[in-house]
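User: Hello! I am new to this structure and would like to learn how to read its features. Could you walk me through a few of them?

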Amino acid sequence: MTKQVTTTAVDLGPKLIVALDYPDANSALTMAKQLSPEFCRVKVGKELFTASGPHIVEQLQILGFDVFLDLKYHDIPNTCAGAVRAAANLGVWMVNVHAQGGRRMMEAAKNAIVSSNTNTLLIAVTVLTSMQQEDLSGLGIAINLDQYVATLAQLANECGLDGVVCSAFEASSMVNRFGSNFLRVTPGVRPSNSVKGDQRRVMTPAEAVNAGSSHIVVGRPITQADDPGEASAAVVAELSC
Ligand SMILES: O=C(O)c1cc(=O)[nH]c(=O)n1[C@@H]1O[C@H](COP(=O)(O)O)[C@@H](O)[C@H]1O
């Protein structure tokens, strides 16, 4: 299946996705209550989901949030499709798989979304933003990181996925190749005064959006701020400049 490149932009809603990386539901909900669904979405990842189970998704939805379920499925096609179907049945806004699971896995995941009759968006992680060229070399992957991201994104696009997770450094080439409706969800975003931590390919929120990100994922710079509400408002203000 080869997807058309589209250039007419649709309204993508709030661009900011706050990563709720917490060890329990109460901490995540306390944080979410300091945020506004009008200005951001929230992301439930492996730590929170493993600790709290699917109920946390429902609790965040009751607060009015669109939920990105970030479990980065990477398995044989049948298992991955079943997991994606279960995620879609939770009514999540977005779910992801690892593009490195390959064509048959992504096609099976896409078919699971289609047969679920939901609007859940399915995207594929290309190369983690915590990785750089030397990490690929350590895995025996000898090609240039940008090229590897492009190869994985091409595969995701051909399998009918709605977009990719990539770093903001690759976002503009995604728009050029696949059009603006193919989403570019970029973690590794750091306001200018915050620490990089384990991230490697980073940009500020404004730089990321100017570079072509459709959505940015921000976790610790907001969740570990003295005033998370203020920190998220500052990111949103930077995005609308
Ligand atoms: O799929 C993701 O969300 C993801 C992909 C990626 O390449 N890099 C990445 O950091 N993430 C997630 O984005 C969030 C970034 O959090 P902070 O580094 O605290 O801003 C974490 O929840 C990561 O799991």
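Analyst: We will go through the annotation, some helix pairs and the ligand shell. This is a predicted model, in which local features need pLDDT of at least 70, side-chain atom pairs count only at pLDDT 80 or more, and totals for chains, interfaces and linings use all residues. Residues are numbered from 1 along each chain as its sequence is written.

User: Which residues does the UniProt domain annotation cover?

Analyst: UniProt positions are given in the numbering used here, feature names are shortened, and annotations may be inferred rather than shown by experiment. The unreviewed UniProt entry gives "domain: Orotidine 5'-phosphate decarboxylase" for residues 15–235. Over residues 15–235 the chain is 45% helix and 17% strand, with the end C-alpha atoms 10 Å apart. Helices (H or I, at least four residues) and strands (E, at least two) are DSSP runs, numbered from the N terminus.

User: How do I read two packed helices?

Analyst: Two packed helices are described by the angle between their axes and the distance between the axes. Axes are lines fitted to C-alpha atoms, for helices over the stretch in contact, and angles run from 0 to 180 degrees between N-to-C directions. Here, helix 4 (residues 77–89) and helix 5 (residues 103–116) pack at about 30 degrees, their axes 8 Å apart. That makes helix 4 roughly parallel to helix 5; angles under 35 degrees count as roughly parallel, over 145 as roughly antiparallel, 65 to 115 as roughly perpendicular and the rest as oblique.

User: What is the angle between helix 7 and helix 8?

Analyst: Helix 7 (residues 145–158) and helix 8 (residues 168–178) pack at about 40 degrees, with axes 11 Å apart. They are therefore oblique to each other. D146, V149, A150, A153 and N157 of helix 7 make the contact with E170, S173, M174 and F178 of helix 8, where contact means C-beta atoms, placed from the backbone, within 7 Å. These residues divide into five nonpolar, two polar and two charged. Ala, Val, Leu, Ile, Met, Phe, Trp, Tyr, Cys and Pro count as nonpolar, Asp, Glu, Lys and Arg as charged, and the others, Gly among them, as polar.

User: Which residues come nearest to the ligand?

Analyst: A residue is near a molecule if its C-beta atom, placed from the backbone, lies within 6 Å of it. Of the 19 residues around the ligand, A19, L128, P187, G219 and R220 come nearest. Strand 3 (67–73) and strand 8 (215–218) each supply at least two residues of this shell. The shell divides into seven nonpolar, eight polar and four charged residues.

Definitions and conventions:
Contact = placed C-beta atoms within 7 Å.
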